Structure formats: structure tokens, C-alpha cells
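Okay, thanks for coming, everyone. Let me put the model up on the screen and then walk you through what I found in it.

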Amino acid sequence: MNNEGVEMPAKETRPDPTLIPVQPPQNFKVIERFLRILTWQMFFLLAFLFYIAARPQSGRYQVILGKDEIIVFDTATLRVVPIKPQSISEAAAGNKTAPDAPRTPENPPPATPETK
């Protein structure tokens, strides 16, 4: 096989890339503003999603009643909080104000003489 009679096609001539003038971008302010707005949007979106995930939700707390204590189970954080009923009644009693004088009924029952 002799290739002497076959001519090869001419190589394409492209301009040298170093000779092509590169124009710098006109204005970065539009892109910069877009990226700044996008950053704030992402920040608020993440904050909103965190709020939705962390807030109290229906069905989140499971309450188990026992004889001597109440157990509250938080399904989101898997925490168990035992509560003693005495501490609840003591806390409620501490918040009440003591009456100044004992109350007497408006119509007291008639006095009966004592018999021995």
C-alpha cells in the first residue's frame, strides 16, 4: 500500500488563542447582588426549617400515668421526664395566697346545748 498518490487534506488553521482579545466582564454588581439575596434567602429558609423541626408538635409528648409518678416522654429528643404528683401539688400550694381570716358561713347552724 503506497500512499504517495493520495493527498492529505489541509490542516484547519485556527487563530492563536493568545491573540484573541479577552474582554473583562462589564459589571459584577448584578451578580454580587443576586448572590447576596440568595444567601439571605437560604439563611431564612434554614432558620424556618429549624423552627418547624424544633417546635412542640402534636403527638410529640407521650404521657404515662403511674401510681406514684407521671412520666412524660419527648419523642423528638427521646428524653424521659418523671414527675412526682407531690411536687406538683406542693408547687401549686406555694403559688396560692393564704386567706387572711377563716371564713364563716353567712347563716351559721343553730347552736344546740351540749348534753352530758
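So, let's start with Asp74, which is buried, with a relative accessible area of 8%. By buried I mean under 20% relative accessible area, with exposed being over 50% and partly exposed in between, using a 1.4 Å probe and protein chains only. Asp74 sits in strand β2. Leaving aside neighbours within four places in sequence, Asp74 is in contact with Arg60, Tyr61 and Arg79, where contact means heavy atoms within 4.5 Å.

A quick word on ground rules. This is a predicted model, so local features need pLDDT of at least 70 and side-chain atom pairs count only at pLDDT 80 or more, while totals for chains, interfaces and linings use all residues. Residues are numbered from 1 along each chain as its sequence is written, and side-chain values use heavy atoms, with hydrogens and water left out.

How much of the chain is buried? Of its 116 residues, 2% count as buried. And for contacts between residues at least 6 apart in sequence, 0% join residues at least 24 apart.

Now the layout. The chain has two helices and three strands, and along the sequence they read α-β-β-β-α. Those are DSSP runs, numbered from the N terminus: helices are H or I with at least four residues, strands are E with at least two.

On to the sheet. It's an open one, three strands in the order β1-β2-β3, with antiparallel pairing. The edges are β1 (61-65) and β3 (79-83), each of which pairs on one side only. Pairing here takes at least two DSSP bridges between two strands. β1 and β2 (residues 70-74) are joined over five bridges, and β2 and β3 pair over five bridges as well.

What about the turns? A hairpin takes you from β1 to β2 through four residues. The hairpin of β2 and β3 has four residues between the strands too, and there Leu78 takes a positive phi near 60°.

Salt bridges next: a side-chain nitrogen of Lys or Arg within 4 Å of a carboxyl oxygen of Asp or Glu. By that rule, we get two. One is Arg36 with Glu32, the closest N and O atoms being 3.0 Å apart. Those two are four residues apart in helix α1, so about one helical turn separates them. Arg36 is partly exposed at 47%, and Glu32 is partly exposed at 43%.

The other is Glu69 with Lys84, at 3.9 Å, N to O. Glu69 is in the loop between β1 and β2 and Lys84 in the loop between β3 and α2 (85-95), so this pair ties together parts 15 residues apart in sequence.

Last thing: which residues make the nonpolar surface patch? There are Phe28, Ile31, Phe34, Leu35, Leu38, Met42, Leu45, Leu46, Phe48, Leu49, Tyr51 and Ile52, for about 1200 Å². Patch residues have over 30% relative accessible area and no salt bridge; like charges are joined within 9 Å, and nonpolar side chains (Val, Leu, Ile, Met, Phe, Trp, Tyr) within 5 Å. One of them, Phe48, lies in helix α1 (residues 29-54) and is partly exposed at 48%.

Technical notes: Areas by Shrake-Rupley, 256 points an atom, 1.4 Å probe, with all protein chains shown as cover.
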